[in-house]
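Thanks for coming. I will go through one chain today, and I will keep to what can be read from the coordinates.

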Amino acid sequence: MNENSSSPAAPLTFHWPEYLIEAFCLGAFMVSACLCTAALEYPGSPLRQVIGSGVARRGLIGLGMGLTALALIYSPWGKRSGAHMNPSVTLSFLRLGKIRPLDGGFYVLFQFLGGWLGVAASALLIRPWIAHPTIAYIVTIPGRGGPAIAWIAEFGISFLLMFSVLFVSGRPKFAGWTGVVAGTLVALFILLEAPLSGMSLNPARTLGSALMAGNYDHLWIYFTAPPAGMLAATQIFRAQPRSQACAKLMHQTGTCCIFCGQCDETDGRVT
């Protein structure tokens with residue numbers, strides 16, 4: 001990194017675009033989640049009336065959210081910030097030493113802001129639909145198995161997602177497929193795991209819905225299990241000599257990278 005990037009003020013002065021991108025990406029993901037869920041689960045929706053199978057509807061929601069994640073990760077903005085969109089992901093890269101603590105703190109702050117704004121924006125667009133009890137602002141709550149099963153399920157899917165991301169992105173031959181792997185797992189988790197915990201993976205995603213719904217039941221599950229699962233996966237890679245190159249799901253040569261110093265931070269030009 002250049003001299004400017006090593007100064008304590010550098011993150012505040014030069015990295016605000018990445019922080020805003022993180023808020024935008026999670027906000028966009030939440031808007032998509034609200035719209036997909038409302039379109040397929042609201043009782044008055046034509047799609048809900050046509051598709052009678054709950055499993056089929058959940059599969060379509062998963063497909064929509066997987067494609068949304070894919071689009072955000074491979075978008076120019078996602079490539080710029082690294083498309084964490086999740087405090088647990090950011091904490092994992094922080095544990096790997098791939099992100100500076102101040103950058104990590106602002107990433108987490110803006111992710112929480114983006115999650116709330118995404119649900120709030122959706123409420124402005126279709127409040128009668130997402131406020132309905134069948135949607136309930138897409139809050140994440142334990143399924144019939146109860147809180148313990150929900151915690152274990154959240155830990156498991158978080159571990160699997162982070163392990164897969166680090167495994168694929170840390171190998172140059174397969175690194176370009178990281179977004180595909182992440183998007184595919186999101187889709188599968190919604191289809192298969194959502195009945196157990198609501199499929200959060202993400203404290204910021206859960207809090208955004210909880211704030212709008214006024215429902216904070218079992219919030220502790222979604223603030224502890226995803227970070228614990230992802231940090232557990234991270235520990236495996238800390239012991240390996242070859243690991244993630246930088247704190248991005250998609251590191252692309254020619255794109256400004258605040259983690260690798262691949263950017264002249266005095267004017268934002270790629271070096």
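Let me start with a cysteine: does Cys-25 count as buried or exposed? Cys-25 counts as buried, because its relative accessibility is 0%. Before going on, please keep in mind that this is a predicted model.

Since we are on cysteines, how many disulfides does a search of the whole structure find? The search finds zero. As a reminder, a disulfide is a covalent bond between the sulfur atoms of two cysteines. The cut-off used here is a pair of cysteine sulfur atoms within 2.5 Å. For Cys-25, the closest cysteine sulfur belongs to Cys-257 and is 15 Å away, so the two are too far apart for a bond. For Cys-36, the closest cysteine sulfur is that of Cys-34, and at 9.7 Å it is also too far for a bond.

Now the chain as a whole. Its secondary structure comes to 13 helices and zero strands. The C-alpha trace spans about 60 × 40 × 30 Å along its principal axes.

Some totals follow. Of the 271 residues in the chain, 51% are buried. The chain exposes about 11800 Å², and carbon and sulfur atoms supply 69% of that area. Taking contacts between residues at least 6 apart in sequence, 75% join residues at least 24 apart. On charge, there are 17 positive and 11 negative ones, and their mean positions are 10 Å apart.

Next, a lysine. Where does Lys-248 lie? Lys-248 is in the segment after α13. Lys-248 counts as buried because its relative accessible area is 1%, and the cut-off for buried is under 20%. What does Lys-248 touch, leaving out residues up to four places away in sequence? The list is Lys-79, Arg-80, Ser-81, Gly-82, Phe-93, Thr-255, Cys-256, Cys-257 and Phe-259. Lys-248 and His-84 are 164 residues apart in sequence, while their C-alpha atoms are 7.3 Å apart in space.

One of the residues that Lys-248 touches is Phe-93, so let me turn to Phe-93, which is buried with a relative accessible area of 0%. Phe-93 lies in helix α7, residues 87-95. Its C-alpha atom is separated by 9.0 Å from that of Leu-231, 138 residues away along the chain.

His-218 lies in the loop between α12, residues 203-213, and α13, residues 219-238. Its relative accessibility is 32%, so His-218 counts as partly exposed.

That is what I had for today.

Methods. Residues are numbered from 1 along each chain as its sequence is written. This is a predicted model: local features need pLDDT of at least 70, side-chain atom pairs count only at pLDDT 80 or more; totals for chains, interfaces and linings use all residues. Side-chain values use heavy atoms; hydrogens and water are left out. Buried means under 20% relative accessible area, exposed over 50%, partly exposed in between (1.4 Å probe, protein chains only). Helices (H or I, at least four residues) and strands (E, at least two) are DSSP runs, numbered from the N terminus. Contact means heavy atoms within 4.5 Å. Accessible areas come from the Shrake-Rupley method with a 1.4 Å probe; for residues, only the protein chains shown count as cover. Lys and Arg count as positive and Asp and Glu as negative; His and the chain ends are not counted. The place of a charge is taken as NZ of Lys, CZ of Arg, CG of Asp or CD of Glu.
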